Amino acid sequence: MTDHRTMPTERKIYVTTHDMKRLLALLEGTASVRNAEAAEALESELASAVVVAPDKIPDNVVTMNSRVRFQDEETGQEREITLVYPKDADPQQGKISILAPVGAALIGLSVGQSVDWPLPGGRLKRLKIVEVLFQPEAAGQPDL
């Protein structure tokens with residue numbers, strides 16, 4: 001398993017207790033070969049996450065069901081997505097599964113942090129979190 005994040009070791013990612021519980025349950029039920037690499041990446045991310053109560057999560061952190069704007073640091077192009085569970089994924093609507101490579105890469109990051117996103121052929125794209133446009137916990141909807 002390769003670590004797709006190339007941040008300094010002092011960087012921290014945060015996950016709420018609710019998200020951690022649901023994501024671990026999701027990983028237990030993920031046997032699909034198609035999702036195996038993303039599931040492994042997600043499992044690695046969760047193992048190093050700082051777990052906090054939903055009411056303690058900073059409002060600039062990407063949590064499940066957050067809408068986030070990020071930038072390709074090479075091209076400057078920005079994109080908005082909502083990070084969702086696989087059953088709710090709809091790429092045409094900007095709803096990206098946590099089991100997609102970019103979804104697993106974004107969870108727990110905060111505004112200003114960057115992540116290397118693996119592309120086909122072994123290339124990497126560096127993405128930077130620009131803004132968390134909506135976060136369920138900040139909106140008082142931690143069970144969303």
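Trainee: What should I know about the source?

Mentor: The model is predicted, so local features need pLDDT of at least 70 and side-chain atom pairs count only at pLDDT 80 or more, while totals for chains, interfaces and linings use all residues. Residues are numbered from 1 along each chain as its sequence is written, and side-chain values use heavy atoms, with hydrogens and water left out.

Trainee: Which residues have the most contacts inside the largest nonpolar core?

Mentor: A nonpolar core is a set of buried Ala, Val, Leu, Ile, Met, Phe, Trp, Tyr and Cys residues joined through side-chain atoms within 4.5 Å. Buried means under 20% relative accessible area, exposed over 50%, partly exposed in between (1.4 Å probe, protein chains only). Here the largest core has 32 residues, and Leu 42, Phe 70, Ile 98 and Leu 106 have the most contacts inside it.

Trainee: Is Ala 47 buried or exposed?

Mentor: Ala 47 counts as exposed because its relative accessibility is 70%. Ala 47 lies in helix 2; helices (H or I, at least four residues) and strands (E, at least two) are DSSP runs, numbered from the N terminus.

Trainee: In what order do the strands of the sheet run?

Mentor: Strands of a sheet pair through backbone hydrogen bonds, either parallel or antiparallel. Two strands pair if DSSP finds at least two bridges between them. In this model five strands form an open sheet, ordered 5-4-3-7-6, with mixed pairing. Strand 5 (95-97) and strand 6 are at the edges, each with a single partner strand, so one side of each has no neighbour in the sheet.

Trainee: Which residue stands opposite Phe 70?

Mentor: Ile 129 in strand 7. Strands 3 and 7 pair in the antiparallel sense over six bridges.
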